[in-house]
Amino acid sequence: MSATDQRNDLPTAVVVFGATGDLAHRKLYPALASLAERGQLPLGITLLGNARRRLTDEEFAADVRAAITKADGDDRRADVLDRHGTTYRFVAGPVDDTDTFARLRQAIEGAGNGNVLFYLSTVPQVFGTIAERLGDCGLATEPPGTFRHFVVEKPFGHDLASSRALDEELHRCFQEHQIYRIDHYLAKETVQNILALRFANTIFEPLWNRRYVERVEITVAEELGVEHRGAFYEESGALRDIVQNHLLQVLSLIGMEAPASFGANSVRDEKVKLLRSIRPLEPSTLTETVVRAQYGPGVVSGVSVPGYREEQDVAADSKVETYVAMRLDIDNWRWAGVPFYARVGKRMPARVTEVVLRYKQVPFLPLPKTAVQSIEPNAMRLRIQPDEGITLSFAAKVPGQTFRVRTVPLDFRYSTFTEQAPEAYERVLRDALFGDPTLFIRADEVDQAWQLVQPLLDAFARDSIPLATYPAGTWGPPEADALMRDGQEWCEL
């Protein structure tokens, strides 16, 4: 039995800040219930909620049960945490009040003063305040044989300076091994399967380099607009919301070198090395390598939708980007000369996240033109959402008397597995409780990602990159096609 397993035999408290909020109800409480059903939750936990709203312990318990029922519409699951021996406690009060944390400490001591997971389901502006208050009342210090894990959701700052300031605030009270920064994209099955595909298969890894790969494309497309999050999106935009975190995390797994092991530090070391190998975006060439755009009115799935500037809580003259496309170069031995194209956008024709490796054309095709029927270079597609799987396209002879060749797909879908994949929040909660930080983001990863996008933030603020437009329901502006070298086009999705 590992030291981590032994520590989880101790009394465990899960403290949720923002316990009455949307994230806690939609994701955290249903995830805890699923972990309990799978037998992957420490027995007899204390679920400790905090929010400004005043609830009794019994009202909080009822609130959690209602959230679990609503998540899948099955009222038979409502008491799954109760059957697992869960105790419910609620400590009301603002997070900047020392009295709140004095009462929180009493509740944790009453729960056995064992392991504690602090989950911040709050606005990012109070991350530092909560960390400071926990430090002041002694709750950040780990008693011998126990853990104190501090879990925060993205965004980790809104630019490089604020990210570094937040990091400094957190490290005043918590050590790096205690801080778990969540990017739920890393908990998706296909994202993790990138590691298995690359490093557990002899046939793929030798072809995963500049000798064979012509280009790499990463697409993160959403069918939805900003919906009810207009005010939030006015402060973030696609660059902060998706590029700085989700997209760069996926890119690092696609491009990194083989780790010495699948241990947390080995994997994260290689991811950071890859991020550091990305050629910095020079202000003088940004108009040639980056496109920013905003969706206008259009039609999505047969329904007319408004443009971004017509959305609720969006300024009529807003220049916030809802679409970003860019060409990145990686200066290392594996990828030198291979362009990485990335695009993210809202109000696209479909919701899809996909990585495509386009392989080079064969150097010589010893076939007459009459024998070639719609043949294209080999390509590997890794579909991260919604229909998770992998497709490899290759040339094959068409059945018949004549010799004809065309491109055909070889498909794998996760739906073929009988095992049910855990939901992303189930995985991150379990890993945080059992001390596995592999799927969480280390401080140097966050810092390197912000260093990469900071020149874009500055250029967007100066309006030095033109703001293009695209109709809702399309794959973006024509300017994005101009990023491609030698007249190439984005792969069809």
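Colleague: How do the residues lining the second largest cavity divide into nonpolar, polar and charged?

Modeller: In this predicted model, that lining holds four nonpolar residues, three polar residues and no charged ones.

Colleague: Which residues are they?

Modeller: The second largest cavity is lined by Phe156, Gln244, Asn245, Gln249, Ile441, Val446 and Ala449.

Colleague: Which element supplies the largest share of that lining?

Modeller: Helix H9 does, with three residues. Both H9 and H13 supply at least two residues each.

Colleague: And what is the volume of the second largest cavity?

Modeller: Its volume is about 40 Å³.

Colleague: Turning to the overall tally, how many cavities of 30 Å³ or more are there?

Modeller: The count is three at that cut-off.

Colleague: What volume does the largest cavity have?

Modeller: The largest cavity comes to about 50 Å³.

Colleague: Which residues line the largest cavity?

Modeller: Val243, Leu248, Ile278, Leu281, Met326, Leu328, Leu452 and Val453 form the lining of the largest cavity. By class, eight residues there are nonpolar, while none is polar and none is charged.

Colleague: Which helices and strands each supply at least two residues of the lining of the largest cavity?

Modeller: Three elements can be named here: helix H9, spanning 230-255, strand S11, spanning 323-329, and helix H13, spanning 443-462.

Technical notes: Residues are numbered from 1 along each chain as its sequence is written. This is a predicted model: local features need pLDDT of at least 70, side-chain atom pairs count only at pLDDT 80 or more; totals for chains, interfaces and linings use all residues. Side-chain values use heavy atoms; hydrogens and water are left out. On a 1 Å grid over the protein atoms alone, a cavity is a set of points where a 1.4 Å probe fits but cannot get out, and a pocket is an open set with protein on both sides within 12 Å along at least five of seven lines; lining residues have an atom within 4 Å of a point. Grid points are joined across faces, edges and corners, and a volume is the space filled by probe spheres set on the points. Helices (H or I, at least four residues) and strands (E, at least two) are DSSP runs, numbered from the N terminus. Ala, Val, Leu, Ile, Met, Phe, Trp, Tyr, Cys and Pro count as nonpolar, Asp, Glu, Lys and Arg as charged, and the others, Gly among them, as polar.
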